[in-house]
Amino acid sequence: MPRLHATALVDPKAELAADVEVGAYSIIGPDVVIGAGTVIGPHAVVTGRTRIGARNRIWQFTSIGDIPQDRKYGGEPTTTSIGDDNVIREFVSVHAGTAQDRGETTIGNGNLLLGYTHIAHDCVIGNNTTFSNNAQLAGHVTVGDFAVLGGFSGVHQFCRIGAHALIAAGAIVLQDVPPFIVAQGYPAKPHGTNNEGLRRRGFTANDILAVRRAYKTLYREGLSLDDAKIALAQAATATPALRALVEFLAAPGRGIVR
């Protein structure tokens, strides 16, 4: 049986794995599913049509799965989905999707969301990302695997953050940030590549060198974006690590930071 504090309010219709823990004064709604090994701290609210996977640690005063902060929302049955092995710290808020988009807000596996992070409606978060304190996403944002968002950074709606990108503390992102790029400032501008992050993720020295050369192709050689895409596609044939960058640039978006 789940370990429920005497003051926790867990709806009988909620589905909790046998070893789930729910802390004091927390509220779990009727359409919530929580997987094995997940711990919900005190004073948390998990509501809406929300599915949470295994071995997550959700700290006190979080709000997961509530209705989106969107004037267009009219009570549609939208959802929130969180994977496995995530750490969601104090006062984090994650809102459900909207019918006007994909209808679901999705968080993958192994992510670290520090205090006061906000994930708005219809966002898609990959795996192993890090959100520092007060990182804020508007609606419809996509964040790739291993991306890092610094404290008090903000991302405009519909923007994309590529895999292994680093958003500096206090940056305001108004356009897409390609994979591997460091972005900082208001509005955020490119400031080199996330070399240390790539080393930590096991990229080889040759891969990192290729990423740095790709940055020069994209930002320092005076090429048009179309010409840079062609050059990067050619480089990716010799360095598969660059394929993520090529695919990102080929997809539609808000235009990349320049």
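**Salt bridges in the predicted model**

Asp-85 counts as partly exposed, with a relative accessibility of 37%, where partly exposed denotes the range between buried, under 20% relative accessible area, and exposed, over 50% (1.4 Å probe, protein chains only). The model is predicted, so that local features need pLDDT of at least 70 and side-chain atom pairs count only at pLDDT 80 or more, whereas totals for chains, interfaces and linings use all residues. Residues are numbered from 1 along each chain as its sequence is written, and side-chain values use heavy atoms, with hydrogens and water left out.

The side chain of Asp-85 forms a salt bridge with that of Arg-55, at 2.7 Å from N to O, a salt bridge being a side-chain nitrogen of Lys or Arg within 4 Å of a carboxyl oxygen of Asp or Glu. Because Arg-55 lies in the loop between strands S9 (49-52) and S10 (57-58), and Asp-85 in the loop between strands S12 (79-82) and S13 (87-88), the pair ties together parts that are 30 residues apart in sequence; strands here are DSSP runs (E, at least two residues), numbered from the N terminus. Arg-55 is likewise partly exposed, its relative accessible area being 47%.

In total, seven salt bridges are counted. One of them joins Arg-89 to Glu-90, with the closest N and O atoms 2.9 Å apart, and Arg-89 is partly exposed at 24% relative accessible area.

A further salt bridge links the side chains of Arg-160 and Asp-176 at 3.0 Å, N to O. Arg-160 belongs to strand S24 (residues 160-161) and Asp-176 to the loop between strands S26 (172-173) and S27 (181-184), so this pair ties together parts that are 16 residues apart in sequence. Arg-160 is buried at 15% relative accessibility, and Asp-176 is buried at 0%.

How values were computed. Helix = DSSP H or I, 4+ residues; strand = E, 2+ residues; numbered from the N terminus.
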